[in-house]
Amino acid sequence: MLLVDDHEVVRRGLRDLLDGEDDIEVVAQAGGVGEALALTSSLASSRPVDVAVVDMRLPDGDGVALCRSLRALAVPPACLVLTAFDDESALIEAIMAGAAGYLLKQVRGHDLVNAVREVAAGRSLLDPVTTAHVLDRMRRSVEADELAGLTEREREVLALVGDGMSNREIAERLFLAEKTVKNHVTSVLAKLGMQRRTQAVAWFARRR
């Protein structure tokens, strides 16, 4: 496995902890992103890295970027992000980068050892409920940004389209001409990057 942390004392502590296990071997240590990538490449043919324990903040980049680069390799190691910061945005970035786990440095030694074994076996330490919650918040944030481009009237029309109403029914509900409603629907679809009315109905249904 590979240890990546810009503090030598931390790396030594992790190495002593993990190397003490019969089934775990630390084959390389790095203090930054560039060094970690170079070591991983040089070891690829002789002693490929199965697991990389990566600090979130590094002098020449961050753990998320490193994790993304490692996961893009032909034989990618599992990435376990180990950080001192309990930051939801960092967790989101780690998930998107393909990390198999996200642990705080306050973790107990035996829990870290077990975590390394879990990700080495191809399992994820990211709790499904937590991950789903985070991804749902991301989706809602994106959708809120999309709605920000709509006028108040367009939002009203979108809501009624989402309820399955026809242009005529919407016109009657909002006391508008049917042609005006049609223009609003066309504008909404264009702003949301959609081609068909059914896409808007499905999009609205997902937000409920």
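**First stop: the enclosed space**

With a cavity defined, on a 1 Å grid over the protein atoms alone, as a set of points where a 1.4 Å probe fits but cannot get out, the count comes to 1 cavity of 30 Å³ or more. The largest cavity holds about 40 Å³ of space, a volume being the space filled by probe spheres set on the points, with grid points joined across faces, edges and corners. Select V157, L158, V161, V185, V188, L189, R197 and A200 to display its lining; lining residues have an atom within 4 Å of a point. Two or more lining residues come from each of α7 (152-162), α9 (178-191) and α10 (197-206). Helices here are DSSP runs (H or I, at least four residues), as are strands (E, at least two), and both are numbered from the N terminus. By class, the lining of the largest cavity has 7 nonpolar residues, no polar ones and 1 charged. In this division Ala, Val, Leu, Ile, Met, Phe, Trp, Tyr, Cys and Pro are nonpolar, Asp, Glu, Lys and Arg are charged, and the others, Gly among them, are polar.

**Basis of the tour**

This is a predicted model, in which local features need pLDDT of at least 70 and side-chain atom pairs count only at pLDDT 80 or more, while totals for chains, interfaces and linings use all residues. Residues are numbered from 1 along each chain as its sequence is written, and side-chain values use heavy atoms, with hydrogens and water left out.

**The whole chain**

Zoom out and colour by secondary structure: the protein has 10 helices and 7 strands. Of its 208 residues, 39% are buried, where buried means under 20% relative accessible area, exposed over 50%, and partly exposed in between (1.4 Å probe, protein chains only). Among contacts between residues at least 6 apart in sequence, 61% join residues at least 24 apart; a contact means heavy atoms within 4.5 Å.

**D55 and its annotation**

Select D55, in strand β3 (residues 51-55). An unreviewed UniProt entry annotates D55 as "modified residue: 4-aspartylphosphate"; UniProt positions are given in the numbering used here, feature names are shortened, and such annotations may be inferred rather than shown by experiment. D55 counts as buried because its relative accessibility is 7%. Residues up to four places away in sequence aside, D55 touches V4, D5, D6, G63, L82, T83 and K105.

Is D5 buried or exposed? D5 is buried, because its relative accessibility is 2%. Display its side chain, which makes a polar contact of 2.9 Å with the side chain of K105. A polar contact is a pair of N or O atoms within 3.5 Å; within protein, one must be able to donate a hydrogen and the other to accept it, and residues adjacent in sequence count only if both atoms are side-chain atoms. A polar atom of the D5 side chain also lies 2.8 Å from the backbone nitrogen of H7.

D6 is in the loop between β1 (2-4) and α1 (8-19). At 33% relative accessibility, D6 is partly exposed. The side chains of D6 and H7 are joined by a polar contact of 3.2 Å. Beyond neighbours within four places in sequence, D6 is in contact with R11, G31, D55, R57, L58 and P59.

**The largest pocket**

Select M1, D23, I24, E25, V27, R47, P48, D50, V51, V116, R117 and A120, which line the largest pocket. A pocket is an open set of grid points with protein on both sides within 12 Å along at least five of seven lines. The largest pocket holds about 200 Å³ of space. Helix α5 (residues 109-120) gives the largest share of its lining, 3 residues. The lining divides into 7 nonpolar residues, no polar ones and 5 charged.

H184 is found in helix α9 and is buried, with a relative accessible area of 18%. Setting aside neighbours within four places in sequence, H184 is in contact with R153, E154, V157 and L176. Finish at F175, in the loop between α8 (167-174) and α9. F175 is exposed, at a relative accessible area of 76%. Its phi is near 60°, a positive value in a residue other than glycine.
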